[in-house]
Amino acid sequence: SDLGLSCLGGAIFLQLLVFTDILTRGYFMAVEKNPAILAFEVLLTVFSLVYFIFIYHRFIRSIR
């Protein structure tokens, strides 16, 4: 689904930003004070993880 692929693409982009920060500063710190945004970020992360597992599982089944 396009939404799942978009979530995975966004996660990869954010990870690249985090790793860039770690490489340049040596650490990464983030604080989210808005509970709605935090809940949405957690929801998107869980959705991306479940979608990734689904795609991986489907890929493994297609090999057999």
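Me: I would like to begin with charge. How many positive and negative side chains does the protein have, and how far apart do the centres of the two sets lie?

Reply: The protein has 5 positive and 4 negative side chains, with 13 Å between the centres of the two sets. Lys and Arg count as positive and Asp and Glu as negative, leaving out His and the chain ends; each charge is placed at NZ of Lys, CZ of Arg, CG of Asp or CD of Glu. Please keep in mind that this is a predicted model, where local features need pLDDT of at least 70, side-chain atom pairs need pLDDT 80 or more, and totals for chains, interfaces and linings use all residues. Residues are numbered from 1 along each chain as its sequence is written, and side-chain values use heavy atoms, without hydrogens and water.

Me: Which side chains meet in a salt bridge?

Reply: Side chains of opposite charge can pair when their charged atoms come close. Here the structure holds one salt bridge (a side-chain nitrogen of Lys or Arg within 4 Å of a carboxyl oxygen of Asp or Glu). R25 and D21 form it, at 3.7 Å from N to O. The two residues are four apart in helix 1 (residues 2-25), so about one helical turn separates them. R25 is exposed, because its relative accessibility is 54% (buried is under 20% relative accessible area, exposed over 50%, partly exposed in between, with a 1.4 Å probe and protein chains only).

Me: How many helices and strands are there?

Reply: The protein has two helices and zero strands; these are DSSP runs, numbered from the N terminus (helices are H or I with at least four residues, strands E with at least two). Its radius of gyration is 15 Å, well over the 11 Å from the globule rule for 64 residues, so the protein is more spread out than a compact globule. That radius is taken over C-alpha atoms, and the rule is 2.2 Å times the number of residues to the power 0.38. The C-alpha atoms fill a box of roughly 45 × 30 × 15 Å along the principal axes.

Me: What share of the residues counts as buried?

Reply: Of the 64 residues, 9% are buried. The accessible surface is about 5,700 Å², and carbon and sulfur atoms make up 72% of that (Shrake-Rupley method, 1.4 Å probe; for residues, only the protein chains shown count as cover).

Me: Which residues form a nonpolar patch on the surface?

Reply: The patch consists of L38, V42, V46 and V50, with about 330 Å² of accessible area together. V42 sits in helix 2 (residues 35-63) and is partly exposed at 46% relative accessibility. V50 is also found in helix 2, and its 51% makes V50 exposed.

Me: Where is A11, and how far is its C-alpha atom from that of L44?

Reply: A11 lies in helix 1 and is partly exposed, with a relative accessible area of 32%. A11 and L44 are 33 residues apart along the chain, and their C-alpha atoms are separated by 8.9 Å. For V50 and M29, 21 residues apart along the chain, the C-alpha separation is 26 Å.

Notes:
Patch = residues over 30% accessible without salt bridge, like charges linked within 9 Å, V, L, I, M, F, W, Y side chains within 5 Å.
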